[in-house]
Amino acid sequence: MAAEPQDDCLFCRIVAGKIPATLVRETDTTLAFRDINPQAPTHVLVIPKAHHRDAAALATADPALTADVLRETQAVATAEGLDSYRVVFNTGAGAGQTVFHAHAHVLGGRGLQWPPG
Ligand code: 5GP
Ligand code: ZN
């Protein structure tokens, strides 16, 4: 159930190798790379290679791929030596989503406040 790559999508362009990124992990279906504007000592984005506009659309269209992304957040946390961390899916502009290709933020390496802003 792969969605077509979008030429105007930043993360599709990273998947295609047209824009460089600092890769942390790659699987057949996912990519993990460092956020360009890190909000914590570890700030890694985990994305499905297939284009889905947000986590809700991804979960509806492809539950197995959603599970791949979530499994990779744990793999990134382990690789980064984090025993506590936060996984965030900003969904919709009002929640701070700026790139409309589904992605999980993996944040850790410092204390994290709750509730978030
Ligand atoms: P959102 O705000 O949509 O939840 O998250 C998008 C994230 O992508 C932001 O944290 C932003 O810093 C990051 N970002 C934007 N452009 C680039 C880029 O060209 N490369 C990388 N690695 N991260 C980016
Ligand atoms: Zn995309």
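Glu-72 is buried, its relative accessible area being 7%. The value belongs to a predicted model, as do the others reported here. This glutamate is part of helix α3, which spans residues 63-79. The sequence separation between Glu-72 and Thr-27 is 45 residues, yet their C-alpha atoms are 8.6 Å apart in space.

## The site of ligand 1

Ligand 1 sits in the second largest pocket. The shell around ligand 1 comprises 15 residues, and the closest of these are Asp-35, Asn-90, Gly-96, Thr-98 and His-105. Sorted by class, the shell contains six nonpolar residues, seven polar residues and two charged residues. Two secondary-structure elements, helix α1 (10-15) and strand β2 (30-34), each contribute at least two residues to this shell.

## Polar contacts of ligand 1

Oxygen atoms of ligand 1 take part in contacts with both side chains and backbone. On the side-chain part, a polar atom of His-105 is 2.8 Å from an oxygen atom of the ligand. Asn-90 likewise presents a side-chain N or O atom, at 2.9 Å from an oxygen atom of ligand 1. Val-99 takes part through its backbone: one of its polar backbone atoms lies 2.9 Å from a ligand oxygen atom. On its own, ligand 1 has 520 Å² of accessible area, and the protein covers 83% of that area.

## Two loop residues: Pro-20 and His-51

Which of the two loop positions is buried, and which is exposed? Pro-20 is located in the loop that connects α1 with β1 (23-26). Its relative accessibility is 78%, and Pro-20 therefore counts as exposed, the cut-off for that class being over 50%. Between Pro-20 and Phe-33 there are 13 residues of sequence separation and a C-alpha to C-alpha distance of 9.9 Å.

His-51 occupies the loop between β3 (42-48) and α2 (55-61). With a relative accessibility of 14%, His-51 counts as buried, because the buried class is defined as under 20%. The side chain of His-51 is joined to that of His-101 by a polar contact of 3.4 Å.

Technical notes. Residues are numbered from 1 along each chain as its sequence is written. Chains are lettered from A and ligands numbered from 1 in the order in which they are written. This is a predicted model: local features need pLDDT of at least 70, side-chain atom pairs count only at pLDDT 80 or more; totals for chains, interfaces and linings use all residues. Side-chain values use heavy atoms; hydrogens and water are left out. A residue is near a molecule or strand if one of its heavy atoms lies within 4 Å of it. A polar contact is a pair of N or O atoms within 3.5 Å; within protein, one must be able to donate a hydrogen and the other to accept it, and residues adjacent in sequence count only if both atoms are side-chain atoms. Accessible areas come from the Shrake-Rupley method with a 1.4 Å probe; for residues, only the protein chains shown count as cover. On a 1 Å grid over the protein atoms alone, a cavity is a set of points where a 1.4 Å probe fits but cannot get out, and a pocket is an open set with protein on both sides within 12 Å along at least five of seven lines; lining residues have an atom within 4 Å of a point. A molecule sits in a cavity or pocket if more than half of its atoms lie within 2 Å of its grid points. Helices (H or I, at least four residues) and strands (E, at least two) are DSSP runs, numbered from the N terminus. Ala, Val, Leu, Ile, Met, Phe, Trp, Tyr, Cys and Pro count as nonpolar, Asp, Glu, Lys and Arg as charged, and the others, Gly among them, as polar. Buried means under 20% relative accessible area, exposed over 50%, partly exposed in between (1.4 Å probe, protein chains only).
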